[in-house]
Amino acid sequence: MLKIAVLVSGGGTNLQAIIDAIDNHKLTGVTIELVVSNKDDAYALTRANDHGITGICIRPKDYADKDAYGRYLAEFLKDHEIDLVVLAGFLVVLPECFIDEFENRIINIHPSLIPSFCGDGFYGLKVHEAALARGVKVTGATVHYVDKGCDTGPIIMQKAVYVEPGDTPEILQRRVMEQAEWVILPQAIQNIANRQIR
Ligand code: GRF
């Protein structure tokens with residue numbers, strides 16, 4: 001059984017997609033042991049608690065510095081025997097000490113087709129604003145391993161989504177979530193659970 005922790009900062013729709021995939025038996029051999037947020041008002045924590053999943057807030061500002069936060073978070077997840085860390089809308093840049101503890105066992109969902117519209121400053125709506133500003137006809141989402149860079153780890157899975165005439169950043173974000181993010185994140189976790197990916 002693959003034990004996962006999902007790290008969140010906001011609405012938790014990607015977390016919900018994982019929860020639903022498990023409930024609908026589309027994602028098997030996986031349990032969500034923990035949901036951790038850096039923000040105590042993240043609706044993702046409500047989604048977790050509504051589903052009987054331990055949701056906890058661990059705030060960076062409660063620690064001396066980023067490394068202290070990273071060390072505590074790593075120990076906390078190891079104490080819960082977490083096998084895979086899933087970043088799902090998690091907006092804190094994890095320090096190298098955390099990455100080292102979970103090398104090749106952290107994945108992230110990014111709302112573009114990496115290497116487009118990624119890296120420092122590209123998150124949430126900003127990604128879709130940049131895609132629309134560039135005039136791309138196709139965008140999408142990417143699941144990748146997290147390394148010590150920003151959105152630079154090995155790509156696991158991607159799914160393309162058409163940009164439609166008249167799209168606003170909000171409309172495009174929703175389509176990318178519905179048609180790509182919520183599809184490939186559970187699939188990527190399943191592949192890892194099936195040990196299909198090294
Ligand atoms: C999503 O667009 C996701 O791609 C990005 O954060 C946004 C919020 O996701 N990483 P969620 O609704 O909190 O899962």
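This report covers the fold of a predicted model and the surroundings of its ligand.

## Basis

Residue numbers start at 1 along each chain as its sequence is written. The model is predicted, with local features requiring pLDDT of at least 70 and side-chain atom pairs pLDDT 80 or more, while totals for chains, interfaces and linings use all residues; side-chain values use heavy atoms, without hydrogens and water.

## Fold

The protein has six helices and seven strands. These are DSSP runs numbered from the N terminus (helices: H or I, at least four residues; strands: E, at least two). Their order along the sequence is β-α-β-α-β-α-β-α-β-α-β-β-α.

The C-alpha trace spans about 50 × 40 × 35 Å along its principal axes.

## Ligand shell

G10, G11, G12, T13, N14, G89, I109, P111, Q173, M177 and E181 surround the ligand (a heavy atom within 4 Å). By class, the shell holds three nonpolar, seven polar and one charged residues. Gly counts as polar here; Ala, Val, Leu, Ile, Met, Phe, Trp, Tyr, Cys and Pro are nonpolar, and Asp, Glu, Lys and Arg are charged.

α6 gives the most to this shell, with three residues.

## Polar contacts and cover

Polar contacts here are pairs of N or O atoms within 3.5 Å. A polar side-chain atom of T13 lies 2.6 Å from a ligand oxygen. For E181, a side-chain N or O atom is 2.6 Å from an oxygen atom of the ligand. I109 uses its backbone: a polar atom there is 3.3 Å from a ligand nitrogen.

Note on methods:
Polar contact = N/O pair within 3.5 Å; in protein donor to acceptor, adjacent residues only side chain to side chain.
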